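Me: I would like to learn how to read a structure like this one, feature by feature. Could you walk me through it?

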Amino acid sequence: MAKGKILVTGGLGYIGSHTVVELIGAGFSVVIADNLSNSDEGVLRRIETIAGVLPEFHQIDVCDVSALKNMPSNIDGVIHFAAYKSVSESVEFPLKYYRNNLVSLMNMLEFCAERNIKNFVFSSSCTVYGQSEQLPVTEESPFMPAWSPYGHTKQIGEAMIADFLKSTPGMRVVSLRYFNPAGAHETGLIGELPRGVPNNLMPYITQTAIGLRDKLKVYGSDYDTIDGTAVRDYIHVADLASAHVKAINFCCGMPENKVEVFNLGSGNGFSVLEVIESFNFTSGLKIPYEMVGRRAGDVEKIWADTTKAEKVLGFVPQRILDDITLTAWKWEQNYRQNIERKNS
Ligand code: UFG
């Protein structure tokens with residue numbers, strides 16, 4: 001495929017917006033479908049500022065089949081981000097997660113079949129592994145029981161795709177199992193902007209640093225890890241975004257009726273306290289925090305074996321944890337001091 005037209009669902013969201021920037025930079029034409037449930041339209045203008053192109057935008061909910069009828073023709077591939085992603089929220093509102101994450105996926109697969117779109121990239125997650133007995137996890141590691149409804153939606157999503165491919169000849173799918181995306185674009189123009197109180201660690205840290213939150217709660221200090229706090233594999237969102245360009249290119253060259261899965265992580269595990277330490281180092285601040293009990297749905301530790309992504313996709317993350325905390329802080333400050341203030 002020459003550089004084609006890619007429909008990005010959830011393209012104004014956190015990972016979606018960074019990926020749109022990378023796709024445009026790589027010469028793709030991008031159409032965004034986003035219902036703005038966890039993003040805002042200002043992101044579109046800021047994508048234009050960074051990428052120099054204003055992508056076509058449709059404010060629709062991809063759970064609504066009828067809205068998909070208005071999508072343009074000649075789409076060459078779909079990158080399907082649109083989903084809810086909070087582990088803890090999914091424990092509280094499981095049906096919200098099953099409905100949104102599964103209906104949207106079913107609709108997008110049917111949409112591809114109807115339009116004869118052959119290339120599909122799915123946002124999966126390392127939560128499909130549950131608490132793996134073997135670390136690091138490879139793509140062959142078995143799925144253990146999901147620890148949250150969110151994780152279960154991704155397990156079901158991958159199974160649904162496999163079944164769908166058996167009945168629908170001609171499609172090719174790449175499922176990307178993200179570890180913990182964090183950080184922001186180096187310009188400070190786009191980044192993670194959760195609505196309400198953040199569930200994820202990095203925005204909670206930066207919102208505490210800017211004074212919106214009193215102190216960070218560290219969930220769990222009795223895990224079997226280096227310092228008792230939970231360990232994750234944090235990957236810079238800009239690296240993750242560039243992996244999507246490799247993934248869609250790879251997908252287009254794959255044999256038909258095939259799914260390939262890739263872990264996308266850095267290959268390194270860091271504890272919550274190590275993340276705080278990195279933030280304190282790069283910001284020159286000292287984040288107030290307190291240790292509290294474990295959070296429902298959290299696994300103890302997980303990090304990626306990145307061999308397959310490196311060998312097959314040619315993907316190697318370029319940024320380290322300090323780049324993540326540095327850019328996350330730059331984004332938080334720019335957003336609060338310039339973007340939010342201008343819009344209010
Ligand atoms: N944490 C805290 N305090 C907070 C927020 C988080 O201590 O205020 C801890 C969590 O307990 C966990 C770690 O920081 O140990 C990371 O938590 P996040 O909420 O940032 O990330 P999760 O690992 O729970 O989930 C994220 C994404 C999912 C993805 C998953 C893969 O939200 O979409 O990573 O591990 F699937």
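**The ligand and its surroundings**

Reply: Happy to! Let's start at the ligand: one of its nitrogen atoms lies 2.7 Å from a backbone N or O atom of Lys 217. Keep in mind that this is a predicted model.

Me: Which side chains have an N or O atom at 2.8 Å or 2.5 Å from an oxygen atom of the ligand?

Reply: For the 2.8 Å pair, the side chain is that of Asn 180. For the 2.5 Å pair, the side chain belongs to Asp 298. As for cover, the ligand on its own has 670 Å² of accessible area, and the protein covers 95% of that.

Me: How many residues surround the ligand, and which element gives the most to the shell?

Reply: There are 22 residues around the ligand, and the closest are Ser 125, Asn 180, Lys 217, Arg 232 and Asp 298. Helix H7 (201-209) and strand E8 (216-219) are the elements that give two or more residues to this shell. E8 gives the most, with 4 residues. Sorted by class, the shell holds 12 nonpolar, 5 polar and 5 charged residues.

Me: Now a helix, please. How should I read the pattern of buried residues along H5?

Reply: The general idea first: an α-helix has 3.6 residues a turn, so residues three or four places apart point the same way. In this structure, H5 runs over residues 94-115 and has 22 residues. From first C-alpha to last, H5 reaches 32 Å, close to the 32 Å expected at 1.5 Å a residue. Its buried residues include Tyr 97, Asn 101, Leu 105, Met 108 and Cys 112.

Me: What do the buried residues of H5 pack against, and what comes just after the helix?

Reply: Their packing partners are strands E1 (5-9), E4 (77-80) and E5 (119-125), together with helices H3 (65-68), H4 (87-92) and H6 (149-167). Just after H5, Asn 116 takes a positive phi of about 60 degrees.

Note on methods:
Residues are numbered from 1 along each chain as its sequence is written. This is a predicted model: local features need pLDDT of at least 70, side-chain atom pairs count only at pLDDT 80 or more; totals for chains, interfaces and linings use all residues. Side-chain values use heavy atoms; hydrogens and water are left out. The expected span of a helix is 1.5 Å times one less than its number of residues. Buried means under 20% relative accessible area, exposed over 50%, partly exposed in between (1.4 Å probe, protein chains only). Contact means heavy atoms within 4.5 Å. A residue is near a molecule or strand if one of its heavy atoms lies within 4 Å of it. A polar contact is a pair of N or O atoms within 3.5 Å; within protein, one must be able to donate a hydrogen and the other to accept it, and residues adjacent in sequence count only if both atoms are side-chain atoms. Accessible areas come from the Shrake-Rupley method with a 1.4 Å probe; for residues, only the protein chains shown count as cover. Ala, Val, Leu, Ile, Met, Phe, Trp, Tyr, Cys and Pro count as nonpolar, Asp, Glu, Lys and Arg as charged, and the others, Gly among them, as polar.
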